[in-house]
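Trainee: I have a new model open and would like to learn how to read it. Could you walk me through it, one feature at a time?

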Amino acid sequence: KCLHICTIIHIVPENAWRKRRMRFHMKRTPPIILTALILLITVFSYIEITTPKYVLLHADFHVHTTLSDGAYTPAEVVTLYKEAGYDVIAITDHDTVDGFEEAKRVGDQLGIIVIKGDEITREFNDGSQCHILALWINTKIPSVPKYEIIEEGYHIIWQKRPERDVVKDYFELIHQQGGLGIVAHPWISVRWTTVTDWTMSPWYR
């Protein structure tokens, strides 16, 4: 069998449509050519469907420098990560973003993406760590009060706020800057050894 295609184009000026009509007729297509065309279309469709629509980057979103408890300066950190084959790093010193500008300058020179970050470093009421990574922020995340004032008659009482409310406030401050909040080193901060009911954890929402 073969494919028979006929295409007709009509140009119809007023009072002269019969004289100006144009007809294009494609000759019969040999079966072997038709089969080859179908195979080509199938292959290209498969390639289009299976081609990944993403880019894989080697990244580290929790990096410290000498601006907090790191061992290397921001410039040295970026250089070391570049040599190790990384594409992206986030400078997340404890409670400061002061190392970002130096790291960003070197990153632009070496071709590595540097994200401005901050590791919010606090403690829960029992002394365990409350560390939150704030990524893609503009400025350092300010402290959230752990106490609230309660007035009872003539008395003023300072009362500790629920830990869950404190954590929620930190994440809201991050989101206000268009940033992303992540629990830092959760194997420490989440209290694996003491939490039995996750709905009671300060991280649960």
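This is a predicted model: local features need pLDDT of at least 70, side-chain atom pairs count only at pLDDT 80 or more; totals for chains, interfaces and linings use all residues.

Trainee: Which residues are in contact with Thr-65, leaving aside its neighbours within four places in sequence?

Mentor: They are Gly-70, Tyr-72, Thr-73, Pro-74, Val-77, Ile-91 and Asp-93. Thr-65 itself sits in the loop between strand 3 (59-63) and helix 2 (74-83).

Trainee: Is Thr-65 buried or exposed?

Mentor: Buried means under 20% relative accessible area. Thr-65 has 0% relative accessibility, so this residue counts as buried.

Trainee: Let me step back to the whole chain. How many helices and strands does the protein have?

Mentor: There are five helices and nine strands. Reading from the N terminus, the order is β-β-α-β-α-β-α-β-β-β-β-α-β-α. Of the 205 residues, 30% are buried. The protein exposes about 14,300 Å², and carbon and sulfur atoms supply 60% of that area.

Trainee: What share of contacts between residues at least 6 apart in sequence joins residues at least 24 apart?

Mentor: That share is 58%.

Trainee: Now the strands, please. How should I read strand 5?

Mentor: Start with a general idea: in a regular strand the side chains alternate between the two faces of the sheet. Then look at burial. In strand 5 (residues 113-123), eight of the eleven residues are buried, so the strand is largely enclosed by the rest of the structure.

Trainee: Which way does strand 5 run relative to strand 4 and to strand 6?

Mentor: Strand 4 (residues 88-91) and strand 5 run parallel, joined by four bridges. One of the residues to look at is Ile-91, whose bridge partner in strand 5 is Lys-116. With strand 6, the pairing is antiparallel over seven bridges. There, Gly-117 has Leu-135 in strand 6 as its bridge partner.

Trainee: What is found between strand 5 and strand 6 in their hairpin?

Mentor: Five residues lie between the strands, and Gly-127 in this hairpin takes a positive phi near 90°.

Trainee: And His-131, is it buried or exposed?

Mentor: His-131 belongs to strand 6 and is buried, with a relative accessible area of 7%. Its C-alpha atom is 10.0 Å from that of Asp-118, a residue 13 places away along the chain.

Trainee: How do I read a nonpolar core?

Mentor: Think of it as a set of buried nonpolar residues joined through side-chain atoms within 4.5 Å. The largest one here has 14 residues, and those touching the most other members are Ile-120, Ile-132, Ile-137, Ile-141, Tyr-170 and Ile-174. Strand 6 (129-135) and helix 4 (163-176) each supply at least two residues of this core, with helix 4 giving the largest share, five residues. A second, separate core has twelve residues, including Val-63, Ile-89, Ile-91 and Ala-103.

Trainee: What is Ile-120 in contact with, beyond its neighbours within four places in sequence?

Mentor: Its contacts there are Asp-95, Cys-130, His-131, Ile-132, Ile-141, Tyr-170 and Ile-174.

Note on methods:
Residues are numbered from 1 along each chain as its sequence is written. Side-chain values use heavy atoms; hydrogens and water are left out. Buried means under 20% relative accessible area, exposed over 50%, partly exposed in between (1.4 Å probe, protein chains only). Contact means heavy atoms within 4.5 Å. Two strands pair if DSSP finds at least two bridges between them. Accessible areas come from the Shrake-Rupley method with a 1.4 Å probe; for residues, only the protein chains shown count as cover.
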